[in-house]
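Work through the exercises below with the model open. Try each task before reading its solution.

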Amino acid sequence: MSGQRHVFGAPLVALGIPPFVWEARERLLCRDDPDAFFADGVRPRQARALCAGCAYLDPCRVYAVERPELVGVWGGTTARERQALRRPTDGRSAA
């Protein structure tokens, strides 16, 4: 695991960073400044700004929606936004 950054003494892979992030050839902010992405209390506007222009926005969002244990910013979404995306919809409108 040489060459991978560590946060709080743990390799980023242990924190759930997906392989496509490590394999990306382009510079990704989540690799350069992971503390900004794993902060609690990030607002939706901040989350979108952190991930703006990232080529991996959609796969990252899908990755995070499928893993409810992840915290912080993923795919330009906050944990609360991803929780809302996980709620099942049954096609019925509220009456």
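**Exercise 1. The overall picture**

What percentage of the 95 residues in the protein do buried residues make up? Then describe the fold order and the surface.

Solution. Start with the ground rules. This is a predicted model, where local features need pLDDT of at least 70, side-chain atom pairs count only at pLDDT 80 or more, and totals for chains, interfaces and linings use all residues. Residues are numbered from 1 along each chain as its sequence is written, and side-chain values use heavy atoms, with hydrogens and water left out.

Step 1. Buried residues account for 29% of the 95 residues. Buried means under 20% relative accessible area, exposed over 50%, and partly exposed in between (1.4 Å probe, protein chains only).

Step 2. The protein has six helices and two strands. Helices (H or I, at least four residues) and strands (E, at least two) are DSSP runs, numbered from the N terminus. Along the sequence the pattern reads β-β-α-α-α-α-α-α.

Step 3. Take the contacts with a separation of 6 or more: 47% of them join residues 24 or more positions apart. Contact means heavy atoms within 4.5 Å.

Step 4. The accessible surface is about 6600 Å², and carbon and sulfur atoms hold 53% of it. The areas come from the Shrake-Rupley method with a 1.4 Å probe; for residues, only the protein chains shown count as cover.

**Exercise 2. The buried side of H5**

Which residues of helix H5 are buried, and why do they line one face of the helix?

Solution. Step 1. Helix H5 spans residues 57–65, and its buried residues are Cys-60, Tyr-63 and Ala-64.

Step 2. Look down the axis of H5: these buried residues fall within an arc of 95°, so they line one face. The arc is that of the directions from the helix axis to the C-beta atoms.

Step 3. Now find the cover. The buried residues of H5 are covered by elements including helix H1 (19–23) and H6.

**Exercise 3. Salt bridges**

How many salt bridges does the structure hold? Describe some of them.

Solution. Step 1. The count is four. A salt bridge is a side-chain nitrogen of Lys or Arg within 4 Å of a carboxyl oxygen of Asp or Glu. Side chains of opposite charge can pair when their charged atoms come close.

Step 2. One of the bridges joins Asp-32 and Arg-27 at 2.4 Å, N to O. Asp-32 sits in helix H2 (residues 29–32). Asp-32 is partly exposed at 32% relative accessibility, whereas Arg-27 is exposed at 67%.

Step 3. Another links Asp-58 and Arg-61 at 3.2 Å, N to O. Both residues lie in H5, three residues apart, about one turn of the helix. Arg-61 is partly exposed, at 25%.

Step 4. Glu-66 pairs with Arg-67, with the closest N and O atoms 3.6 Å apart. Glu-66 is exposed at 55%, and Arg-67 is partly exposed at 26%.

**Exercise 4. Arg-82**

Where does Arg-82 lie, and is it buried or exposed? List its surroundings.

Solution. Step 1. Arg-82 belongs to helix H6 (residues 79–86).

Step 2. Arg-82 is buried yet has no salt bridge. The nearest side chain of opposite charge, Glu-81, is 6.5 Å away. For charge, Lys and Arg count as positive and Asp and Glu as negative; His and the chain ends are not counted.

Step 3. A polar atom of the Arg-82 side chain lies 3.4 Å from the backbone oxygen of Leu-70.

Step 4. Leaving out residues up to four places away in sequence, Arg-82 touches Ala-64, Val-65, Leu-70, Val-71, Gly-72, Val-73, Trp-74 and Thr-77. Ala-64 is also one of the buried residues of H5.

Terms used: A polar contact is a pair of N or O atoms within 3.5 Å; within protein, one must be able to donate a hydrogen and the other to accept it, and residues adjacent in sequence count only if both atoms are side-chain atoms.
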